[in-house]
Amino acid sequence: MQQPKNRVSSRNGASADNAVIKHVCENDHRREEDKKSEQFDEMLSAAIDKTLRYVLGDINTDVVYNYMEKMGVSLKGIPANPGEFSTELRKILGSGRGQILGAASILEETVLEILCKEVEIDLDIPKPAQFADTVKKLRNAYVEGKSNTQ
């Protein structure tokens with residue numbers, strides 16, 4: 001019986017089939033990670049919006065978003081670069097001794113606490129929170145499926 005022309009001989013066939021299976025599994029894993037990363041981004045954006053609207057009200061939150069848009073930081077772009085969000089928030093509310101009663105830090109800590117609850121991850125958030133670093137830790141833990149991280 002002749003083998004079809006597009007098949008590898010039986011000796012090499014097993015390793016070729018294993019390579020194909022491995023490639024398919026890696027692609028499925030990457031797609032799952034991408035999906036979880038997108039979910040995380042949505043939850044982060046929602047936590048930021050919820051926090052700002054609760055603390056600052058709708059009108060002031062819209063003012064913050066308009067300012068951030070002018071500075072090149074959109075709400076949807078924050079998950080990709082949380083450090084820029086943190087920097088611009090500190091510019092708006094002040095930083096160090098010039099800030100409004102630590103408002104930026106308090107808002108960031110609140111966002112992180114809400115986000116931890118949403119992604120169901122226990123994380124001891126340092127005070128003051130290192131917003132960008134903590135978001136990165138949470139994202140990695142969420143994508144990897146961990147529920148407790150340091």
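This is a predicted model: local features need pLDDT of at least 70, side-chain atom pairs count only at pLDDT 80 or more; totals for chains, interfaces and linings use all residues.
Residues are numbered from 1 along each chain as its sequence is written, and side-chain values use heavy atoms, with hydrogens and water left out. Local features need pLDDT of at least 70 and side-chain atom pairs count only at pLDDT 80 or more, whereas totals for chains, interfaces and linings use all residues.

A search of the whole structure finds two aromatic pairs. Rings of Phe, Tyr and Trp (its six-membered ring) pair if their centres lie within 6.5 Å; planes under 30 degrees apart count as stacked, over 60 as edge-to-face and the rest as tilted. F40 and Y142 form a tilted pair, with 6.1 Å from centre to centre and 40 degrees between the planes. F40 belongs to helix 1 (residues 10-70) and Y142 to helix 4 (residues 131-144), 102 residues apart. Helices are DSSP runs of H or I with at least four residues, numbered from the N terminus. F40 counts as buried because its relative accessibility is 0%, and Y142 is also buried, at 14%. Here buried means under 20% relative accessible area, exposed over 50% and partly exposed in between (1.4 Å probe, protein chains only).

The rings of F85 and F131 have centres 5.6 Å apart and planes at 45 degrees, so this pair is tilted. Since F85 lies in helix 2 (residues 82-93) and F131 in helix 4, the pair ties together parts 46 residues apart in sequence. Both F85 and F131 are buried.

Leaving aside neighbours within four places in sequence, L138 is in contact (heavy atoms within 4.5 Å) with F40, L112, L115, C116, I121 and L123.

Six salt bridges are found in the whole structure. A salt bridge is a side-chain nitrogen of Lys or Arg within 4 Å of a carboxyl oxygen of Asp or Glu. In helix 2, K91 and E88 are three residues apart, so about one helical turn separates them; their side chains meet in a salt bridge at 3.3 Å, N to O. K91 is exposed at 54% relative accessibility, whereas E88 is buried at 8%. Salt bridges that share partners join D49, R53, D58 and D62 into one network.

Methods. Helices (H or I, at least four residues) and strands (E, at least two) are DSSP runs, numbered from the N terminus.
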